[in-house]
Amino acid sequence: MISIQAADQGINIKGKDFLTLADFSSEEIKGLLEKAKQLKEAHLQGAETPILKGKILGMIFEKSSTRTRVSFEAGMLQLGGHALYLNSQDLQLGRGESIADTAKVLSQYVDAIMIRTFSHAKIQELAHHADIPVINGLTDLYHPCQALADLLTIEEKNGELKGQNLVYVGDGNNVAHSLMIASAKMGVNITIACPIGYEPDNFVLQQSQEFAEQSGSKVKITSNPEEAVANADAIYTDVWTSMGQEDENEQRLKDFADYQVNEYLVQKAKKDYVFLHCLPAHRGEEVTAEVIDGNNSAVFQQAGNRLHVQKAILSEIL
């Protein structure tokens, strides 16, 4: 029998919004990772964990999804609760109802809202007006649930997080932003290797550097991917063109041509480096098949961990 307990006796995030990891202390992030490990172990042993019996999660999607939708929906079911899929076009949001009114109405029906959308300002407004916790399933600025799964995967593969060297090669996007914050909070050294003009948001960078000073880690930005991956414990990449950027695809393919994660590049990392990708992947663009399907790849373990960190988030805020 596996005992599922609170993440940490000194941590209480019940009722708190989950919009960015910048809002959480390193102790709270560690607590969520520990809870995810407990829930994963219970899941692997076939133990039931109905700790959210009777709870309902409303899931609003303005962006298409595989991992976010399935992991949250399956997670709620495994925790004994229910999840409602709410396509934005099926809601009155699609016909002009205000975010404030939507937040107030949904607060009468469900126990938490998860939204996957474009503008981060929209999720902030939703959280401001809702009387229930709001979870960021993804915005153009942050992807905090993904970053938690990334940390869990690195910890499972390499042991303690503190002091690890993580290198992200590609666009300084929402995934890179949350990865920087999460790494800096947990003492992971992170380098972002990106073309000039595609650097991470300056506010997020400064914020991450401040967190890194507190944890003793380093945050670095470079345009040289070969220099970046030297001595890397983990190498991470993402698609070069995200949803909403389709009109830029042709230019991005040119600008990122030298930032492909391939056999030549990864040979400069540690031999036992771990390859990560948030998926979906475009083999032959940001990564070659030899790397993503190779022995160092942990992308499907990483994807699987989305389920367990979502369950940890849900169980702690509810």
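**Aromatic pairs, strands and buried polar residues**

Visitor: Tyrosine 198 and phenylalanine 256: buried or exposed?

Guide: Both tyrosine 198 and phenylalanine 256 are buried. Buried means under 20% relative accessible area, exposed over 50%, and partly exposed in between, with a 1.4 Å probe and protein chains only. The model is predicted, so local features need pLDDT of at least 70 and side-chain atom pairs count only at pLDDT 80 or more, whereas totals for chains, interfaces and linings use all residues. Residues are numbered from 1 along each chain as its sequence is written, and side-chain values use heavy atoms, with hydrogens and water left out.

Visitor: How many aromatic pairs does the structure hold?

Guide: There are 6 aromatic pairs in the structure. Rings of Phe, Tyr and Trp (its six-membered ring) pair if their centres lie within 6.5 Å; planes under 30 degrees apart count as stacked, over 60 as edge-to-face and the rest as tilted.

Visitor: What about the rings of phenylalanine 61 and tyrosine 85?

Guide: Their planes stand at 35° with the centres 5.3 Å apart, so phenylalanine 61 and tyrosine 85 make a tilted pair. This pair links distant parts of the chain, with phenylalanine 61 in strand 1 and tyrosine 85 in strand 2, 24 residues apart. Helices (H or I, at least four residues) and strands (E, at least two) are DSSP runs, numbered from the N terminus.

Visitor: New topic. How many residues of strand 1 are buried?

Guide: Strand 1 (residues 56-61) is mostly covered, with 5 of its 6 residues buried. Strand 1 runs parallel to strand 2 (residues 82-87), and 6 bridges join them. The chain passes from strand 1 through helix 2 (residues 67-78) to strand 2 in a right-handed β-α-β crossover; right-handed here means that, with the strands pointing away from the viewer, the path from the first strand over the helix to the second runs clockwise. Strand 1 also pairs with strand 3 (residues 112-116) in the parallel sense, over 5 bridges. Two strands pair if DSSP finds at least two bridges between them.

Visitor: Which residues are the bridge partners of isoleucine 60?

Guide: Isoleucine 60 has leucine 86 as its partner in strand 2 and isoleucine 115 as its partner in strand 3.

Visitor: Now glutamate 286. Where is the place of that residue?

Guide: Glutamate 286 is in the loop between strand 9 (274-277) and helix 11 (289-292). Glutamate 286 counts as buried because its relative accessibility is 0%.

Visitor: What does the side chain of glutamate 286 reach?

Guide: A polar contact of 2.8 Å joins the side chain to that of histidine 277, and the side chain of glutamate 286 also reaches the backbone nitrogen of histidine 282 at 2.8 Å. A polar contact is a pair of N or O atoms within 3.5 Å; within protein, one must be able to donate a hydrogen and the other to accept it, and residues adjacent in sequence count only if both atoms are side-chain atoms.

Visitor: And asparagine 173, where is that found?

Guide: Asparagine 173 is in the loop between strand 5 (165-169) and helix 6 (174-186), and counts as buried at 7% relative accessibility. The side chain of asparagine 173 has a polar atom 3.1 Å from the backbone nitrogen of valine 175, and reaches the backbone nitrogen of alanine 176 at 3.1 Å. Not counting residues up to four places away in sequence, asparagine 173 touches Tyr168, Asp238, Val239 and Ser242; contact means heavy atoms within 4.5 Å.
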